[in-house]
Amino acid sequence: MHVGLEHYLTVSFLLFALGMLGVIMRRNLIVIYMSLELMLNAANLALVAFSRFNNKLDGQVLVFFIITVAAAEVSVGLALIVALYRRRQSAHVEDLTGMKL
Amino acid sequence: MQDQLFPWLILFLPLFAAVFITLFTLHSRGLSAFLSIGAIVTGFILSIIFINANGWNPATTEISRTWLSIGSLQVDFGFKLDALSMMMLLIVTGVGGAIHIYSVGYMHEDSGFSRFFACLSLFTFSMLGIVLANNFIEMFIFWELVGVSSYLLIGFWFEKPSAGDAAKKAFIVNRLGDFGFLLGILMVWGILGSLNFTFLKGQLIGNPAALGASATIAGLLVFCGAVGKSAQFPLHVWLPDAMEGPTPVSALIHAATMVAAGVYMLCRILFLLNPDCLSVIAYIGGFTALLAALIAVQQDDIKRIIAYSTLSQLGYMVMSVGLGGPTAAMFHLTTHAFFKALLFLSAGSVIIALHHEQDIWKMGGLKQKMPVTFYTFLIGTLALCGVPPLCGFYSKDSILAQALSQQNYVLFAVGVFVAGLTTFYIFRLFFVVFLGKEKSEAVSHAHESPAVMTLPLVVLAVFSVIGGFIGIEGIYHAMFTGKTEESAGFASTLFAPFTHSPVAASLGILAVIIGFVCAFALYAKAEKDPLPEKLGGLAVAMKNKFYFDELYEATFVRAHDFIAAVMDWIDRWLLEGFCIGLIRGGTDLTGRALRLVQTGNIQTYAFMFVLGVALVLWFVLK
């Protein structure tokens with residue numbers, strides 16, 4: 001079977017949708033975070049696929065940027081979650097409603 | 001040319017004094033008085049020098065600078081220099097100067113001494129502005145400034161509620177007149193396209209019908225200003241109340257100068273008034289003269305009697321203008337400034353001696369206690385009555401002669417009758433205050449006022465005696481008719497009224513004699529007023545000023561209050577309650593509804609965010 005652009009994009013879309021559902025529906029902050037990474041990587045996959053099928057390197061360059069930024073983001077985000085957990089003894093979003101009036 | 005500088009100096013020195021006193025010398029009484037008196041006396045001296053150098057009809061009759069220029073509207077700031085304005089300059093600075101000096105004595109115990117002189121100087125500045133103005137707008141500005149300074153001075157003792165009320169009343173009643181005045185000015189400008197007196201006069205002489213059908217209306221609207229300022233019927237109610245101010249103010253503003261501004265203005269714009277206007281003016285003047293004289297007969301407050309007398313004399317002047325006799329009007333204005341200022345200042349001297357007692361029935365027997373005041377008041381009284389050869393006789397006679405020569409016998413009769421009434425009420429005052437028995441404890445402690453007060457009295461008394469035959473009338477006559485009369489000898493000037501119009505002169509004197517005899521019979525030894533028993537209801541009406549205040553209270557004030565209440569209701573309920581309430585309530589309600597969306601749950605936000613992105617995508621990709 002020939003694997004075309006549409007297959008890559010379908011996988012990318014499924015990954016993105018799964019990640020989005022995870023962000024909206026899961027309660028644990030760590031899991032939400034992992035879902036976010038999943039969405040980023042879905043985007044990466046789409047970019048790489050486009051790059052391959054258009055014979056251009058722009059998409060792959062962008063992917064490297066995304067990986068770098070994601071790494072930095074994860075380090076900051078995880079640090080925040082750990083700090084939050086130490087303070088509140090919880091990493092569940094239901095407990096984090098301090099912004100509500 | 002250095003002469004051109006003089007009018008500027010004369011006008012602006014008092015303003016400088018007022019500003020300087022207000023800013024720097026409020027705590028230094030001597031310096032304030034010195035500045036204020038210095039400014040006006042310098043003005044007087046400069047006026048004399050100017051007139052000496054240039055004569056009564058100077059070569060340059062107008063000095064003017066463009067002040068505003070908007071489209072076709074050009075407003076100048078300039079001076080009109082002719083016999084009329086220069087004579088008024090002398091009156092304002094001369095009589096005003098005497099009153100300034102007198103004030104030093106009258107006010108010296110008052111804590112607002114410096115403030116008083118600042119206001120006086122401001123007033124002098126405004127009055128000189130009216131006198132010198134060469135166009136309508138400039139005159140109107142100074143006209144209003146005079147109103148403001150009059151407000152400040154009437155309400156000088158603002159701790160007294162009555163003084164505050166009187167000040168407000170004077171200001172508001174004047175505003176009514178000024179509203180008409182402004183409309184008249186706009187009308188004249190709209191039709192003739194200029195505000196300059198000289199230009200307007202030239203145009204109207206060239207084409208008397210230039211104002212067209214609205215000539216009468218324009219003239220009467222301008223006359224409204226004079227009705228307010230000169231306190232003519234029906235806006236006469238403010239002047240007697242203005243007596244709440246200090247007595248020098250009453251003398252300066254409400255006798256000698258400000259109230260004369262209306263008459264002066266009428267003489268200045270005489271060319272605008274057509275015969276219809278003039279007859280209205282004449283009858284309003286005559287009616288005011290009669291009404292005020294009747295009211296004066298039954299007043300008990302020394303200052304109010306003189307105030308009603310002022311009203312009555314102003315009525316004479318306005319009547320004279322209406323009868324086409326500006327010469328007589330201005331002549332009477334001049335002599336009236338002398339003797340009425342004299343009467344007021346003498347009354348002030350009495351009031352101070354009796355520690356602010358103003359009821360004439362608590363005075364009496366002051367002849368021995370205050371000889372100087374007695375004699376100056378006597379001269380003022382005789383001049384007011386028109387006893388020859390005092391100045392009042394000549395000016396009043398020329399008004400009566402004017403009425404006779406116009407064959408207006410109604411107004412002539414009114415004039416003669418009022419002359420009799422004038423004699424009656426002023427001698428009533430004189431007998432009760434200065435002769436007879438002491439009617440209260442305060443009189444026994446009274447003593448003569450200091451020289452700073454009596455000296456101005458003597459100066460004014462001298463002018464009240466000689467004012468009639470020193471050629472003042474000739475100057476006005478030359479100004480208004482353009483003819484210079486050959487200077488008649490002193491003796492013939494002295495007897496001019498009898499040769500000129502013997503009927504008017506003799507009837508005038510007869511009225512004076514009758515008035516005097518009545519006053520003597522009733523009041524020479526009176527302990528209390530015998531007139532109410534004799535006249536009954538009429539006397540009560542006179543005492544209550546023919547109920548004009550009550551009438552205005554019941555109609556205009558009531559109507560005004562009603563409109564105000566309706567407007568208050570509209571503001572409170574329609575504007576604030578409905579319009580503003582709707583907007584405020586709507587915002588509040590929307591805010592409350594939107595607040596429900598703010599759950600604080602991060603996943604709700606994320607969900608909405610996704611929803612939003614989906615919506616945007618749908619719109620973009622559709």
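Colleague: Is B:A231 buried or exposed?

Modeller: This is a predicted model, in which local features need pLDDT of at least 70, side-chain atom pairs count only at pLDDT 80 or more, and totals for chains, interfaces and linings use all residues. Residues are numbered from 1 along each chain as its sequence is written, and chains are lettered from A and ligands numbered from 1 in the order in which they are written. A residue is buried if 20 or more other C-beta atoms, placed from the backbone, lie within 10 Å of its own, exposed if 12 or fewer, and partly exposed in between. B:A231 has 30 C-beta neighbours inside 10 Å, so it counts as buried.

Colleague: Which loop of chain B holds B:A231?

Modeller: Helices (H or I, at least four residues) and strands (E, at least two) are DSSP runs, numbered from the N terminus. B:A231 has a positive phi of about 55° although it is not a glycine. The loop also holds B:P234, whose peptide bond from B:F233 is cis, with omega near 5°. B:A231 lies in the loop between helix 8 and helix 9.

Colleague: Is B:Q407 buried or exposed?

Modeller: B:Q407 is in the loop between helix 17 (391–405) and helix 18 (409–434) of chain B. Its phi is positive, near 55°, and it is a residue other than glycine. B:Q407 has 7 C-beta neighbours inside 10 Å and therefore counts as exposed.

Colleague: Why is helix 16 of chain B described as largely enclosed by the rest of the structure?

Modeller: The buried residues of helix 16 include B:F374, B:F377 and B:L384. The helix is largely enclosed because the buried residues number 11 of the 15.

Colleague: What distance separates the end C-alpha atoms of helix 16 (residues 371–385) of chain B?

Modeller: The expected span of a helix is 1.5 Å times one less than its number of residues. For the 15 residues of helix 16 that gives 21 Å, and the distance in the model agrees: 21 Å.

Colleague: How many bridges join strand 1 of chain B to strand 2 of chain B?

Modeller: Two strands pair if DSSP finds at least two bridges between them. Strand 1 (residues 62–70) and strand 2 (residues 73–80) run antiparallel; B:I63 has B:F79 as its bridge partner. The number of bridges joining the strands is eight.

Colleague: How many residues of chain A are in contact with chain B?

Modeller: Two residues are in contact if their C-beta atoms, placed from the backbone, lie within 7 Å. Chain B contributes nine residues, and the number in chain A is nine.
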